[in-house]
Amino acid sequence: MNISVLVDYVLIALVGGVGSILANRGIAVFNDGLRPIMPEYLEGKIDRKELAATSFAVSFGLIIGFGIPVSIGSTILVAHSILLAADIIGTWTPANKWGTALAGVVGAVYGVGLLFGLSFIVSAFKMLPVNFLGALSLLGGPILLAFCAFPALAVSSQHGAKKGMITFGATFVAYLLATKFGVFSVGNGIKITLNPIGMSLLVAMLFMLYFAAQIKGEGTSNASLVNVFSARVSRIKKNWIWLSIMGGLITAASSVLIIAVDVLPQQLLVKGQVMEAAIATLARAIGFIPLVFSTAIVTGVYGMAGTTIIFAIGLLLKGNPIVAFIAGFVWMWIEVQALAGTAKGLDKFPGLRDMGEHIRTSLTDTIAIALLIGAALACNKMAPNLGYFWVIGVWLLNKKLKKPLVDMAVGPIAAIALGILLNLLRIVHLF
């Protein structure tokens, strides 16, 4: 095992282990849906069993249905596959010093097993009668361009369809211009090439920020939250060392390209587009700042990856895990110290504060439809014509289930299920 591989395994073990410890001690969790439940436990309103059951209920489906399926076929893990598991491991282990130690060990073993297991799965796929690994690579294809449309959708949701269409049109024009005129010669045979996806996303983000910034006010909703929940804000600041260590580890893991915050940055990294992945990560983080800060103030429990900006810092420091760890450590400390001040500052720009909710909804809708289209392409490559039937059928039938899968999970699961089914059919000579 060479040094770089060893570093990968050590980092992913530390991310899983420390993340599980944070969840075990109620310092931070990754799932935004679990965070509001944590104070109920910390204040004795629900017991540990109820907390563990809730953690499992809100996270397990995303791990199995989204995080791991999307990570298959790549050595780059989607954060959901390990950080949501850390939530579960942390809440399922006892709330004492032995339970904390156990959480750290189990989380570390899970992280190593996840990274090794995905590598093993990739090798195993190559031995199947029908190797559908190549087809699965089409899953993320539509995401790269579809992602550029989410700002227009967010603008339309927040400011109306007219401004949304203006943003969409500007995004479209930016892509065309970058494609046609995006190569510059600067002498000595050196050329600079502007990435059309990165440039169109940048233009779309600028329009989204411009429209949101036009809404100003003198509200005090976040300031009131800080005043009412000052003890919970103090609780987060008291645990800054643990949060900073986690921030450093995630940043270092991001810098060696073994973990990405979401599926779009992951797909960009697979294609070697590191700077574009960093831009996409920053764009995503903007939408989560109001959510993370507001829920942290109310609950006294921080986000395991903070505002997720640390993932972008890691990408900008690609190949330098030690420097990335230091940068992530410092940045997470800054986030924690700025928690109250930033939340109050957002009151002056309610448009920017409210923009976060529209970004999150738009991202979810965009990624879900892009993964569905990608799954259709992947399945059609595995089984021409039959693949479209399979994906459409699975999507529609899922809607009829009493407990349907989240939309983002349907496409990847349908594609993997078809690949397995085709191998079984090959064995009995029906395909």
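## Ala415 in helix 21

Ala415 counts as buried, at 0% relative accessibility; buried means under 20% relative accessible area, exposed over 50% and partly exposed in between, with a 1.4 Å probe and protein chains only. The residue belongs to helix 21 (residues 407-427). Helices (H or I, at least four residues) and strands (E, at least two) are DSSP runs, numbered from the N terminus.

Leaving aside neighbours within four places in sequence, Ala415 is in contact with Leu136, Leu139, Cys379 and Met382, where contact means heavy atoms within 4.5 Å. Trp390 is 25 residues from Ala415 along the chain, and the C-alpha atoms of the two residues are separated by 8.7 Å.

## Basis of the model and overall make-up

This is a predicted model, in which local features need pLDDT of at least 70 and side-chain atom pairs count only at pLDDT 80 or more, while totals for chains, interfaces and linings use all residues. Residues are numbered from 1 along each chain as its sequence is written, and side-chain values use heavy atoms, with hydrogens and water left out.

The protein chain contains 21 helices and 6 strands. Of its 431 residues, 52% are buried. Among the contacts in the chain with a separation of 6 or more, 78% are between residues 24 or more positions apart.

## Helix 1 against helix 4

Helix 1 (residues 3-24) packs with helix 4 at an angle of about 45 degrees, and their axes are 7 Å apart. Axes are lines fitted to C-alpha atoms, for helices over the stretch in contact, and angles run from 0 to 180 degrees between N-to-C directions. The angle therefore makes helix 1 oblique to helix 4; angles under 35 degrees count as roughly parallel, over 145 as roughly antiparallel, 65 to 115 as roughly perpendicular and the rest as oblique. The crossing of these two helices is right-handed, a term for a near helix turned clockwise from the far one by less than a right angle, with anticlockwise being left-handed.

On the side of helix 1, the contact is made by Ile12, Val15, Gly16, Gly19, Ser20, Ala23 and Asn24, and on the side of helix 4 by Ile82, Leu83, Ala86, Asp87, Ile89, Gly90 and Thr91. By class, this contact has 7 nonpolar, 6 polar and 1 charged residues. Ala, Val, Leu, Ile, Met, Phe, Trp, Tyr, Cys and Pro count as nonpolar, Asp, Glu, Lys and Arg as charged, and the others, Gly among them, as polar.

Thr91 is found in helix 4 (residues 79-92) and is buried, with a relative accessible area of 1%. Not counting residues up to four places away in sequence, Thr91 touches Ala23, Arg48, Leu51, Ala52 and Ser55.

Helix 16 (residues 309-316) and helix 17 (residues 321-337) pack at an angle of about 155 degrees, with their axes 10 Å apart. The two helices are therefore roughly antiparallel to each other. Helix 16 passes helix 17 in a right-handed crossing. Ile309, Ile310 and Ile313 of helix 16 meet Ala327, Gly328, Trp331, Met332 and Glu335 of helix 17 in this contact, which by class has 6 nonpolar, 1 polar and 1 charged residues.

Thr251 is found in helix 13 (residues 240-255) and, at 0% relative accessibility, counts as buried. Not counting residues up to four places away in sequence, Thr251 touches Ile310, Ile313, Gly314, Ala324 and Gly328.

## Helix 8 and residues with positive phi

Helix 8 (residues 150-159) has 7 of its 10 residues buried, so it is largely enclosed by the rest of the structure. The buried residues are Phe150, Pro151, Ala152, Ala154, Val155, Gln158 and His159. Just after helix 8, Gly160 takes a positive phi of about 110 degrees.

Most residues other than glycine have a negative phi. Leu257, although not a glycine, has a positive phi of about 60 degrees; Leu257 is found in the loop between helix 13 and strand 5 (259-260). Thr308, also not a glycine, has a positive phi of about 75 degrees. Thr308 lies in the loop between strand 6 (302-303) and helix 16, and at 5% relative accessibility Thr308 counts as buried.

## Salt bridge

The count comes to 1 salt bridge, defined as a side-chain nitrogen of Lys or Arg within 4 Å of a carboxyl oxygen of Asp or Glu. The side chains of Asp407 and Lys399 meet in a salt bridge, at 3.0 Å from N to O. Asp407 counts as partly exposed at 31% relative accessibility, and Lys399 counts as partly exposed at 44%.
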